[in-house]
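Please look over the sequence and the structure shown here before reading the briefing that follows. The points after the display are grouped by topic.

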Amino acid sequence: MKRFTRGTCLAIVLGMTLFLSACRENAISPNRGSSLPGTPSMAAEIPDPVKLKVMLFGERPMDMDRILQKFDQMTHDTLNTALQFEFSPYMENEQKMMLRMSTGEPVDLMFDAPWTKHLFNNVSMGYYQQLDKYFNNDHYPGLKKAFPKEMLDSNKINGHIYTIPLFDAYYDPPVIAIRKDIRESLGMKPLETMDDLTAFYDKVLQQYPDDIPATIGSRGIFRLGLPDAKGHNDIRLAPMMSDSFTGGIPFSVALSKDGKKVIDAATIGDPDSEFADFPAPFNSHDAIYGHFGTRVQFRKYNNLNPLSSEAEIALDIRKAASQADTTLSGIARLRQDLQRVDAHADYEPFLLGSQAQRDMQSASIGTTFWANNSLVIPVTSKNTDRTMKFLDWLFSRQENHDLFELGIEGEHWVKDGEAGYKLTADSPNYRFPGYELTNHSTMSRILTDNDPKTLAYMKWARDNGSYYQLPLSGFIFNSASVATEIAKVKPLMLQASDLLMTGMVKEWKDYAREQNKKWRALGLDTIRQEVVRQVQAYLDAGGK
């Protein structure tokens, strides 16, 4: 047996030390870090592993796990972050969200937005973290580039950043997806006006009695018949629940002509006397809320059970002459679904809203310049820095953004020019709700599979010149003082809204008045008084 001397052992130890040192240097150079003078090694920067819990609503994309696997491959040696996505149906997600906020269960990233009627309430209740320090910060270069100051300023609440704003345009126009093939079979030209639309539906009833002219879900025909206040700086309308800017209770607020005094606030089912001092033509209940009567008239065109999700899923897409509850960005995927079962069928858009919008006129869309949708980080999260690092990565490169918004390039989608993309046969395997995580005005690609008219509308919707600013656009209602009353009124109002939006109650006005009395008994007028008080305080402070 060979004997090792003390000198031999020392040589071996020194050799192993040098070897391990070389291995360590090799492990971080050149691919995992920088060895430039003054630059910390990547080995020191790789954080401990963490799992972030993300709450979204809707259906989990079939290939979501493959995208997460790809994300891990791309970021294991940098972010070292795992993502746990929880998808739930919207109403279930809403209930889970509120439960977790009240119990303090940790969530790292969550969807919320003004239209959910929870965002401002939850901020006022202290549920969401202030995120000011993460923006315009050189340690988060992706966020600094993707979210410039003017965008963030338009989305501040009480002077602070609580949300990560998500939008590719300030408005995704609600549309009715019209079956082009059926319209042509009826010998009709493309639909341009509301009269054209009803004529189309009437002909479908006559000539295709087994078909449904306009299939709807629980939102009904979403913006059917809503009043347009363009040219008015003396009123802020809230003709339905999702337009509420007053704690989820849709009060329309009238102002004096000079915009300095609150005249009154009124809502669904209030007597005409509450509207008497409103500016014409909005000085009656029906001038603002009469669209619920229009929905009753359109009920003959709709499917039997719009409030049943099971019945909606069971509908045969080939039997629908139009899909009446979608948006401009949704038409191409609807078309793909339709043509998988009927290769000769096609959709085309009919824009809801005003005729000026259908004609793509400039300054015809009212907006507060708030993002349509947004993300928040609950105060229960213990991983705020890591969550913001993930978002920094997401918005730092087009490749990263495309992965989550569109899926695997060449499989779920293919490029079409610098800013466009097309669908593939495998696109249905990854349909991610971009408006809940990724939508961005410069990074979200345009789906060029769309027909020319839809593409023209998309270009118009992305043009800031297509918008005008709504009065009270910077007003944020603080619900804390009337949280109890809102908690009592809002559930009943939501139930009534579902029936009214779908035209399910023929005597809609009597029903609205009856419900209004119930809301008043639960504190509606207390909320009304607080709305008037807060709006007046906002105006007195120089708000517009």
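A residue is called buried if its relative accessible area is under 20%, exposed if this is over 50%, and partly exposed in between, with a 1.4 Å probe and protein chains only. In this sense Phe390 and Trp393 are both buried. This is a predicted model, in which local features need pLDDT of at least 70 and side-chain atom pairs count only at pLDDT 80 or more, while totals for chains, interfaces and linings use all residues. Residues are numbered from 1 along each chain as its sequence is written, and side-chain values use heavy atoms, with hydrogens and water left out.

**The chain as a whole**
- Of the 544 residues in the chain, 51% are buried.
- The chain has 20 helices and 16 strands, which are DSSP runs numbered from the N terminus (helices: H or I, at least four residues; strands: E, at least two).

**Aromatic pairs**
- The structure holds 37 aromatic pairs, meaning rings of Phe, Tyr and Trp (its six-membered ring) whose centres lie within 6.5 Å, with planes under 30 degrees apart counted as stacked, over 60 as edge-to-face and the rest as tilted.
- Phe390 and Trp393 form a stacked pair, with 6.4 Å centre to centre and 20° between the planes, and both lie in helix α15 (residues 384–394), 3 residues apart, or about one turn of the helix.
- Trp393 also forms an edge-to-face pair with Phe404, at 6.2 Å centre to centre and 85° between the planes.
- Because Trp393 lies in helix α15 and Phe404 in helix α16 (residues 398–406), this pair ties together parts that are 11 residues apart in sequence.
- Ring pairs link a cluster that includes Phe71, Phe390, Trp393, Phe404 and Tyr430.
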